[in-house]
Structures are given as C-alpha cells and as structure tokens.
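Hello,

Here is the structure you asked for. My notes follow below it.

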Amino acid sequence: MRRYGTTAVVYTVLALAGGVFYREFTKFQDFAGKTTLSVIHTHYFLLGMVLFLLLALLERSFSFTTPTVRRSMVVYHIGLNLTVGMLAVRGVLQVLGTELSSGLEASISGVAGIGHLLLGGSLLVVLIQLRRRMPA
C-alpha cells in the first residue's frame with residue numbers, strides 16, 4: 001500500500017513539472033496555438049496520481065497485490081511514460097514549428113499507440129486480479 005502512495009506522489013511531481021514545462025516553454029517560444037504539451041499534466045495526474053491513490057485504497061481493502069499485479073504495474077509504468085514521452089516529443093515539435101515527414105509522424109503515433117496498448121493491457125490484468133480478490 002505504501003508503494004502505491006509513493007508512486008502517486010512521484011506522478012504528482014511529474015504532473016506538476018509537465019504543467020510548468022508546458023506553460024513556460026510555450027511562453028518562452030511565444031506560442032499561442034494548440035499543442036499536445038497541454039495534456040501531459042492531465043495524463044500524469046489521472047493515469048498516475050489518481051490511479052495509484054485508488055490502488056492504495058483498494059489494496060487496503062482487498063490485498064490484491066500479487067507478483068502478477070507487480071509485473072503488470074511495471075508494464076503500466078512503461079506504457080504511461082512512453083505515452084507521455086511521445087506527447088512531449090510531439091508537443092515540443094509543434095511548438096518549434098518543425099515539419100515532420102510522414103514516416104516520423106507515423107513513428108511518433110506508433111510509439112504512443114504502443115504505450116496506450118501497454119497501459120490498457122496492464123490495467124486490465126490488475127482489474128481482473130482485483131476482481132478475483134473481491135468477495136462474492
């Protein structure tokens with residue numbers, strides 16, 4: 001349970017840093033348009049902090065953390081950070097006005113898609129393990 005709480009704190013710091021980076025980087029570059037940098041803050045808050053706070057509460061009630069759940073959480077961390085990393089790459093390139101080739105555009109989207117798949121798959125495993133621990 002403590003590990004989930006600590007992880008929530010780490011993702012809170014990352015969310016705040018993402019929000020500050022978005023604000024300051026776009027201001028420094030005199031950028032006023034839309035950019036994917038704006039959603040880094042919310043991704044880390046919701047998929048990081050909120051999820052791990054909920055898992056801490058659920059762990060206290062159901063003690064569902066098994067080696068399978070631990071492995072799934074590693075995959076979840078990889079997926080979340082891969083997704084947010086690609087949001088940051090795309091956002092910085094948008095702010096800088098960099099023209100992307102279709103291959104690079106597809107690569108960024110593909111890696112972000114892999115991150116989303118890892119997130120979804122690992123979350124599903126955790127929810128199944130949680131359901132197994134709940135009383136009938």
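Helices here are DSSP runs of H or I with at least four residues, strands are runs of E with at least two, and both are numbered from the N terminus. The model is predicted: local features need pLDDT of at least 70, side-chain atom pairs count only at pLDDT 80 or more, and totals for chains, interfaces and linings use all residues. Residues are numbered from 1 along each chain as its sequence is written, and side-chain values use heavy atoms, with hydrogens and water left out.

Loops first. D30 sits in the loop between α1 (2-28) and α2. Its phi is near 55°, positive in a residue other than glycine.

S63 is in the loop between α2 and α3. S63 is not a glycine either, yet has a positive phi of about 45°. At 42% relative accessible area, S63 is partly exposed.

T66 is placed in the loop between α2 and α3 (67-96). T66 counts as buried, at 12% relative accessibility. Beyond neighbours within four places in sequence, T66 is in contact (heavy atoms within 4.5 Å) with Q129 and R133.

Now helix α2. It spans residues 40-62 and holds L57. L57 is exposed at 56% relative accessibility. T42 is also found in α2. T42 is partly exposed, at 38%. T42 and V13 are 29 residues apart in sequence, and their C-alpha atoms are 12 Å apart.

Regards

Notes. Buried means under 20% relative accessible area, exposed over 50%, partly exposed in between (1.4 Å probe, protein chains only).
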